[in-house]
Amino acid sequence: MDSSNREFIAGFSSSTKREIASLTKIFTLYTACSVIGELDIDPKTHIVEIGYVAESKVGTTACLEPGDKISLYDLLFGLMLPSGNDAAVAISLAIGERLLACRPSDPELKMGKSGGTLPARRAFLKEMNSINSWYGLKNSCLQNSHGLTNTFNSSTAAEIAMLFSHGLVQYSLFREVVNTS
């Protein structure tokens, strides 16, 4: 299916920029699928150990506990099915660490404090916002992977629909996750 032949037929305020809360997770899923493909990661065998940072997220959860070892594949379902904020953080850290390992000389990722989870989070967010830029999503700005309590996580209905559509067309893993009930 060629995405260039798509057009919106109708919409009401679809270009109005708004805080998107948990819809941020669509961007997180898309970014994860993109990096998984780019870096040839097998999400079923890539095991992520859950840390306290992921587990401590409030709101909706995938019931992750510190020390849990779970595949990246299962985390993607934990991200979307229960809208798990903890899974969003775990995914951003796991993917961010892989991005850091592949792009060690990127000066933007070295800014600020070193150590801890900040560099991995920064790498993931940079990738999320780079994808937005690549698709021309000028009204989409993301500051975290889960959408919790951040008025700066914003987009428009039209841009979310566009990214979602691209995810469905480009990534079988994206389709699998979002088609699961």
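This report walks through a predicted protein model, from its overall layout to a few individual residues.

## How to read the model

Because the model is predicted, local features need pLDDT of at least 70 and side-chain atom pairs count only at pLDDT 80 or more, while totals for chains, interfaces and linings use all residues. Residues are numbered from 1 along each chain as its sequence is written, and side-chain values use heavy atoms, with hydrogens and water left out.

## The overall layout

Let's start with the big picture. The protein has seven helices and four strands. Both kinds of element are DSSP runs numbered from the N terminus: helices are H or I runs of at least four residues, and strands are E runs of at least two. Read from the N terminus, the order is β-α-β-α-β-α-α-α-β-α-α.

Of the 181 residues, 45% count as buried. Here, buried means under 20% relative accessible area, exposed means over 50%, and partly exposed lies in between (1.4 Å probe, protein chains only). Now for contacts, which means heavy atoms within 4.5 Å. Among contacts with a separation of 6 or more, 64% are between residues 24 or more positions apart.

## The nonpolar core

In soluble globular proteins, nonpolar side chains tend to be buried together. A nonpolar core is a set of buried Ala, Val, Leu, Ile, Met, Phe, Trp, Tyr and Cys residues joined through side-chain atoms within 4.5 Å. The largest one here has 46 residues, and Phe27, Ile50, Leu75, Leu76, Ile91 and Ile95 touch the most other members. Helices that each supply at least two residues of this core include H1 (24–38), H3 (72–80), H4 (85–102) and H5 (118–134). H4 gives the most, with nine residues.

Which residues does leucine 75 touch? Leaving out residues up to four places away in sequence, its partners are Val48, Ile50, Leu64, Ile70, Ala87, Ala90 and Ile91. Leucine 75 is also one of the buried residues of H3, together with Leu72, Tyr73, Leu76, Phe77, Gly78 and Leu79. Helix H3 is largely enclosed by the rest of the structure because seven of its nine residues are buried. Those buried residues pack against H1, strand S2 (47–49), strand S3 (69–71), H4 and H7.

Helix H1 has 15 residues and reaches 21 Å from its first C-alpha to its last, close to the 21 Å expected at 1.5 Å a residue. The expected span is 1.5 Å times one less than the number of residues. H1 is mostly covered, with 13 of its 15 residues buried. Threonine 24 lies in this helix and is buried, at 0% relative accessibility. Not counting residues up to four places away in sequence, threonine 24 touches Met128, Leu142, Asn144, Ser145, His146, Gly147 and Asn153.

H1 packs with H6 at an angle of about 35 degrees, and their axes are 10 Å apart. Axes are lines fitted to C-alpha atoms, for helices over the stretch in contact, and angles run from 0 to 180 degrees between N-to-C directions. Ile26, Phe27 and Tyr30 of H1 make the contact with Ile160, Leu163, Phe164, His166, Gly167 and Gln170 of H6.

How many salt bridges does a search of the whole structure find? There are two, where a salt bridge is a side-chain nitrogen of Lys or Arg within 4 Å of a carboxyl oxygen of Asp or Glu. Glutamate 38 and arginine 103 form one of them (2.9 Å, N to O). This pair links glutamate 38 in helix H1 to arginine 103 in the loop between H4 and H5, 65 residues apart.

Arginine 103 also meets glutamate 127 in a salt bridge (2.6 Å, N to O). Glutamate 127 is in helix H5, 24 residues from arginine 103. Glutamate 38 is partly exposed at 46% and arginine 103 is partly exposed at 27%, whereas glutamate 127 is buried at 10%.

## Residues with a positive phi

Most residues other than glycine have a negative phi, and most peptide bonds are trans. Alanine 21 has a positive phi of about 45 degrees although it is not a glycine. Alanine 21 sits in the loop between strand S1 (18–19) and H1 and is partly exposed, at 35%.

Serine 83 has a positive phi near 60 degrees. Its place is in the loop between H3 and H4, and it counts as buried at 19% relative accessibility. Just after H1, aspartate 40 takes a positive phi of about 55 degrees.
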